[in-house]
Amino acid sequence: MVPRSRLTARRAGPLLALLLLPLFAGCFADPAQPEIVWGKHGVQNGDLARPRAIAIDSKDRLYIVDFTARIQVYDRDGNYLGLTWSTPDYRNGRPSGLSIDRDDNLICSDSHYHLIRIYSPEGKELRQIGGVGGTDPGQLSYVSDVVQDADRYYYVAEFGENHRITKLDPDGKFVKCWGSEGSEPGQLSRARALALGPKDGYLYVADAVNDRIQVFTRDGDLVRLWGEPGDGPGQMKYPYDLAFDKAGDLYVVEFGNDRVQKFTADGKPLGTWGGPGREPGRLNRPWALAIDSRGSIHVVDTENHRVQRVTPW
């Protein structure tokens, strides 16, 4: 049986939780209601059209990019803050990854242009890194996500031509890369997202097509991995994004299972939330998630054109 989230027991009460227990014996653990659901399908400012990546800064401003290539800014309750901008050219495709750097600026993975763009919170482009496509060291292919560590080194997830992780120094110069296409330990197949462990400092990689999480040192040595295809506890189907909470537990959004799964940092499953559907508490091909300063989880519910905010379990 998939572990039940404490959300249900806390909100529904012990008796009702026991009555509902048989319903949770399937693939998805917890249909509990989210804190808030927001978003309207459209192309006007403040609307969402298949949102695909999210980042949250220290002031709990939410940056979301959608399939129109717009980056829009909201508060944690989903109120549009009047800021929208787009990458200069998106004829080849739209950005697919967002994160926050050590200066609280937005890192945008301009995926189809082999480029990393860094924006101020107001949308001013501050710098570019990369831009040359290829397989040689220092060149980039499809940039899916970027994170920056406390020493200001960048870690870049790539797929397409390069199924690898590239490490860059604070000036954006090549340091090293590791990984190759495949399913063996240390190999990658569509490295979709990255997160740095808050306690161990390791680099956690959502290895999407391999249905697993791989953990590396910041010099590229494989530490551990976990996951296998499926919808049971600890199994995954297309993990597309991941984020740590303050306690050091890892939340993984699964595109293929329409859910979010929680793990310890060493891979022990701690329960799931979601399941396929359109009503609140259900997901339709979610791409991304991020955790704010209060510990709430913001899940990008892509094909439902919305965001759901969830209490941690």
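Is C108 buried or exposed? C108 is buried, because its relative accessible area is 0%, where buried means under 20% relative accessible area, exposed over 50% and partly exposed in between, with a 1.4 Å probe and protein chains only. C177, by contrast, is partly exposed, at 29%. The structure holds zero disulfides, a disulfide being a pair of cysteine sulfur atoms within 2.5 Å.

Before we go on, a word on the model. It is predicted, so local features need pLDDT of at least 70 and side-chain atom pairs count only at pLDDT 80 or more, while totals for chains, interfaces and linings use all residues. Residues are numbered from 1 along each chain as its sequence is written, and side-chain values use heavy atoms, with hydrogens and water left out.

Now to the rings. The structure holds 13 aromatic pairs; rings of Phe, Tyr and Trp (its six-membered ring) pair if their centres lie within 6.5 Å, and planes under 30 degrees apart count as stacked, over 60 as edge-to-face and the rest as tilted. One of them joins W85 and Y119, a tilted pair at 5.5 Å centre to centre with 50° between the planes. This pair links distant parts of the chain, with W85 in strand β5 and Y119 in strand β8, 34 residues apart; strands (E, at least two residues) are DSSP runs numbered from the N terminus. W85 counts as buried at 10% relative accessibility, and Y119 does too at 2%.

Y204 and F244 make an edge-to-face pair, because their planes stand at 80°, with ring centres 4.8 Å apart. Here, too, distant parts of the chain are linked: Y204 is in β15 and F244 in β18, 40 residues apart. Both residues are buried.

F67, Y240, F255 and W287 form one aromatic cluster. Two of its rings carry a charge over the face (NZ of Lys or CZ of Arg within 6 Å of the ring centre and within 35 degrees of the ring normal): R52 lies over F67 at 4.3 Å from the ring centre, and R192 lies over Y240 at 5.1 Å.

Finally, the nonpolar cores, which are sets of buried Ala, Val, Leu, Ile, Met, Phe, Trp, Tyr and Cys residues joined through side-chain atoms within 4.5 Å. The largest has 28 residues, of which V260, I297 and V299 touch the most other members. Elements giving two or more residues to this core include β2, β3 and β18, and the largest share, four residues, comes from β22. Apart from this core lies another, of 13 residues, among them A193, A195, A206 and F263.
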